Amino acid sequence: ETYTEDAKLILQYPGMPPQEYVGATTIRQTIEQILTPIKPEWTLAMNFKLDPAAAQSSTRTGLYRIIVNMGHKATSNYGRFTVTLRAEKGAWRFSEDISDFATEADYDALR
C-alpha cells in the first residue's frame with residue numbers, strides 16, 4: 001500500500017473544481033478508474049523529480065511527467081505534487097497527496 005488508511009488525494013487542475021478522495025481503498029479505485037482508458041498495448045512511462053529543498057521534510061514537493069505511447073503517437077502530461085508522509089504499519093506512506101497542473105518548462109527547470 002502506498003497510502004495510509006485515512007489518506008487524502010486532492011486533484012486540482014485548471015478549469016475544474018478540486019476533487020478530493022479519502023481513504024486508501026477509494027484512492028486506489030480512483031487511480032484505477034483514471035488509468036482504465038489506457039489500452040494494454042500502450043506503454044506508460046512516469047518520471048518524478050523531487051524538489052531538493054524539501055528532501056529532509058515529511059512533506060515532499062516535486063514535478064512529474066507521464067508519457068503515454070499509443071504506438072502511432074505519444075502524449076506527455078505534466079503535473080506538480082505535494083505529498084505528506086506518515087509512518088503506518090512499519091512503512092512510510094502518503095497521508096496526503098495533492099496534484100496540480102505544471103508545464104514542460106516547469107518540469108525541465110527542476111534539476
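Predicted model: local features only at pLDDT ≥ 70, side-chain atom pairs only at ≥ 80, totals over all residues.
Local features were considered only at pLDDT of at least 70 and side-chain atom pairs only at pLDDT 80 or more, whereas totals for chains, interfaces and linings use all residues. Residues are numbered from 1 along each chain as its sequence is written, and side-chain values rest on heavy atoms, with hydrogens and water left out.

The protein contains 2 helices and 6 strands, where helices (H or I, at least four residues) and strands (E, at least two) are DSSP runs numbered from the N terminus. Along the sequence these elements follow the pattern β-β-α-β-β-β-β-α, and the C-alpha trace spans about 45 × 30 × 30 Å along its principal axes. Of the 111 residues, 26% are buried, a residue being called buried under 20% relative accessible area, exposed over 50% and partly exposed in between (1.4 Å probe, protein chains only). Among contacts between residues at least 6 apart in sequence, 41% join residues at least 24 apart, contact meaning heavy atoms within 4.5 Å.

The strands form an open sheet of 6 strands in the order 2-1-6-5-4-3, with mixed pairing; two strands are taken to pair if DSSP finds at least two bridges between them. Strand 2 (19-22) and strand 3 (43-50) each have a single partner strand and stand at the edges, so one side of each is left without a neighbour in the sheet. On average, neighbouring strands of this sheet are turned by 20° against each other, direction ignored, with axes being lines fitted to C-alpha atoms, for helices over the stretch in contact, and angles running from 0 to 180 degrees between N-to-C directions. Within the sheet, strand 5 and strand 6 run antiparallel and are joined by 10 bridges, and Leu 85 stands opposite Phe 94 in strand 6. The loop between strand 5 and strand 6 holds Lys 89, which has a positive phi of about 55° although it is not a glycine. Most residues other than glycine have a negative phi. Lys 89 counts as exposed, at 61% relative accessibility. Helix 1 lies across strand 1, strand 2 and strand 3, and runs at about 45° to strand 1.

The largest nonpolar core comprises 6 residues, namely Tyr 3, Ala 7, Leu 9, Leu 11, Ala 24 and Ile 27; such a core is a set of buried Ala, Val, Leu, Ile, Met, Phe, Trp, Tyr and Cys residues joined through side-chain atoms within 4.5 Å. Strand 1 and helix 1 (24-35) each supply at least two residues of this core, and strand 1 gives the most, with 4 residues. Apart from this core lies another, of 5 residues, among them Leu 63, Tyr 78, Tyr 107 and Leu 110.

Tyr 3 and Phe 94 form an edge-to-face pair, at 5.5 Å centre to centre and with 70° between the planes. This pair links distant parts of the chain, as Tyr 3 belongs to strand 1 (residues 3-12) and Phe 94 to strand 6 (residues 91-101), 91 residues apart. Tyr 3 is buried, with a relative accessible area of 10%, whereas Phe 94 counts as partly exposed at 24% relative accessibility. A stacked pair is formed by Tyr 64 and Phe 81, at 6.5 Å centre to centre and with 25° between the planes. These residues lie 17 residues apart, with Tyr 64 in strand 4 (residues 59-69) and Phe 81 in strand 5 (residues 74-88). Tyr 64 counts as buried at 12% relative accessibility, and Phe 81 is buried with a relative accessible area of 9%. Ring pairs link Phe 48, Tyr 64 and Phe 81 into a cluster.

How values were computed. Phe/Tyr/Trp six-rings, centres within 6.5 Å; stacked < 30°, edge-to-face > 60°.
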